[in-house]
Amino acid sequence: MIYDVIVIGAGPAGLFAAANIKNKKVLIIEKNKTAGKKLLLSGAGQCNYTNNCEINEFLQKYGDKGRFIKTALYNFTNHDALCFFKGKGLNSIVREDNKVFPSTFKAMDVLNILIDCVKHTEMLFNTPAEKVSYDESKKVFYIKTDTANFACRNLIIAVGGKSYPNTGSAGDGYKFAKSLGHSIVDPKPALTPVYVEGYQFKELSGISFENIKISLFKNNKKAKEFTGDFLFTHVNISGPVIINNSRYMDAGDVLKVNFTSFNEDEFKVYFEKLILSSSKLSIKTALKQLNLPKRFVEKILEISDVDESLSCGMLGKSPRKYLIELFSAHPMKIKKLGDYNIAMSTKGGVSTAEINQKTMESKKIPHLYFAGEILDYDGDTGGFNIQGAFSTAKLAADHINNN
């Protein structure tokens with residue numbers, strides 16, 4: 001038997017694609033024993049499935065891939081997602097930061113709705129796809145599993161990327177895509193914390209900074225600049241400004257972190273004036289005016305090897321310059337990114353240059369579609385990746401319905 005559509009992967013993209021295919025014989029093939037294993041982890045089990053920001057702002061949350069995903073997001077918007085779940089009896093909560101959760105704060109409730117929406121399909125669990133091929137003369141796809149072979153006229157590959165490999169995301173889809181003639185942009189962890197060489201802030205774990213500026217240097221040249229909230233942990237640096245922009249970072253790059261509310265030049269002027277006007281005060285007392293966490297200031301003095309009891313009037317030019325750097329352009333050389341077991345998403349994947357952004361169909365083989373994280377796009381934290389999975393899946397399903 002030849003199916004109208006086979007979907008490989010029963011995550012949010014695969015389920016949502018199948019849910020939106022009408023009047024066709026559909027088969028979902030899933031390697032895990034159950035559907036949506038990774039979805040259940042999202043938002044710490046509470047499922048932050050989309051974001052309530054305006055759609056124009058939404059597009060900016062995918063780095064340089066906003067243009068690629070634009071048609072999909074406009075075809076099925078974040079507000080469409082809220083309406084979809086509400087129509088299925090599940091209300092949503094919009095937090096002050098615009099993150100959207102089911103009102104029950106249970107990822108299982110989101111998953112159950114998706115599963116309920118694919119009752120019209122056949123589903124095979126515990127069935128890893130091993131090989132995918134295409135017969136051009138018959139215009140049929142063949143999927144080999146460890147138990148049987150299947151055939152279809154339309155194929156949707158929605159197996160995810162490589163993040164959280166214990167959920168089954170092992171990069172299988174890249175192998176399938178390559179065998180069908182597609183290029184793979186080297187995958188790497190995204191939405192992940194960053195480990196830096198000689199990390200000195202273990203005891204400051206939990207201390208955070210709001211809306212600070214970070215500059216990224218590659219080969220001693222400034223490549224990008226980011227602004228956002230920053231966090232020290234026991235072993236690495238994190239917070240939205242690091243997590244969301246880890247997609248641009250590589251081992252060997254240098255981050256220069258500005259912990260102050262000034263730009264570098266302004267801070268230099270401010271600091272020099274502060275030291276000059278506080279000549280009789282100890283450096284520790286004078287630095288209280290920076291309005292930075294006390295333990296952080298103490299750590300900076302320790303790193304700079306400046307005696308905190310030293311009077312400002314005795315602070316030499318060289319240690320002054322070093323302190324200015326440590327506060328306003330603190331250099332941190334990246335040792336590595338957090339690996340796939342803690343990365344929330346994958347950067348890289350099936351090259352978007354080979355995908356029709358208006359349909360999610362392959363430009364190389366007709367009736368071959370990709371949806372979700374397997375594609376070379378990745379969104380910020382805050383519901384953008386699950387929304388991306390829904391939107392790309394819906395676009396592929398719509399195109400199949402219209403053909």
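## Strand 2 and its two faces

In strand 2, Val 26 and Ile 28 point one way while Leu 27 and Ile 29 point the other way, and all of them are buried, where buried means under 20% relative accessible area, exposed over 50% and partly exposed in between, with a 1.4 Å probe and protein chains only. In a regular strand the side chains alternate between the two faces of the sheet. Helices (H or I, at least four residues) and strands (E, at least two) are DSSP runs, numbered from the N terminus.

This is a predicted model, in which local features need pLDDT of at least 70 and side-chain atom pairs count only at pLDDT 80 or more, whereas totals for chains, interfaces and linings use all residues. Residues are numbered from 1 along each chain as its sequence is written, and side-chain values use heavy atoms, with hydrogens and water left out.

## The chain as a whole

The secondary structure of the chain comes to twelve helices and 20 strands, and the C-alpha trace spans about 90 × 45 × 35 Å along its principal axes. Of the 403 residues in the chain, 53% are buried. Contact means heavy atoms within 4.5 Å; among contacts in the chain between residues at least 6 apart in sequence, 71% join residues at least 24 apart.

The accessible surface of the chain is about 18,400 Å², and carbon and sulfur atoms account for 48% of that surface; the areas come from the Shrake-Rupley method with a 1.4 Å probe, and for residues only the protein chains shown count as cover. The chain carries 53 positive and 42 negative side chains, with the centres of the two sets 2 Å apart. In this count Lys and Arg are positive and Asp and Glu negative, while His and the chain ends are not counted, and the place of a charge is taken as NZ of Lys, CZ of Arg, CG of Asp or CD of Glu.

Strand 1 (residues 2-8) is mostly covered, since five of its seven residues are buried. Strand 1 runs parallel to strand 9 (residues 149-157), to which six bridges join it, and Tyr 3 stands opposite Cys 152 in strand 9. Two strands are taken to pair if DSSP finds at least two bridges between them.

Strand 1 is also joined to strand 2 (residues 26-29), again in parallel, by four bridges. Val 5 has Val 26 of strand 2 as its bridge partner, and Ile 8 stands opposite Ile 29 in strand 2. Strand 1, helix 1 (residues 12-19) and strand 2 form a right-handed β-α-β unit; a crossover is right-handed if, with the strands pointing away from the viewer, the path from the first strand over the helix to the second runs clockwise. Strand 2 in turn runs parallel to strand 6 (residues 122-124) and is joined to it by three bridges, with Leu 27 opposite Glu 122 in strand 6.

An open sheet of three strands has the order 3-5-4, with antiparallel pairing. Its edge strands are strand 3 (50-51) and strand 4 (92-94), each of which pairs on one side only. Two bridges join strand 3 to strand 5 (residues 99-102), which run antiparallel, and the partner of Asn 51 in strand 5 is Lys 99.

Phe 101 lies in strand 5 and is buried, with a relative accessible area of 3%. Not counting residues up to four places away in sequence, Phe 101 touches Gln 46, Cys 47, Asn 48, Tyr 49, Asn 91, Ser 92, Ile 93 and Arg 95. The C-alpha atoms of Phe 101 and Asn 48 are separated by 4.7 Å, although the two residues are 53 apart along the chain.

The buried residues of helix 10 (residues 294-304) are Phe 296, Val 297, Lys 299, Ile 300, Leu 301, Ile 303 and Ser 304. What covers these buried residues includes strand 12 (208-218), strand 13 (221-232), helix 9 (283-286), helix 11 (317-328) and strand 16 (330-337). After helix 10 comes Asp 305, whose phi is positive, near 65°.

Pro 240 lies in helix 7 (residues 240-243) and counts as partly exposed, at 41% relative accessibility. Leaving aside its neighbours within four places in sequence, Pro 240 is in contact with Asp 229 and Asn 245. The C-alpha atoms of Pro 240 and Pro 193, which are 47 residues apart along the chain, are separated by 9.2 Å.
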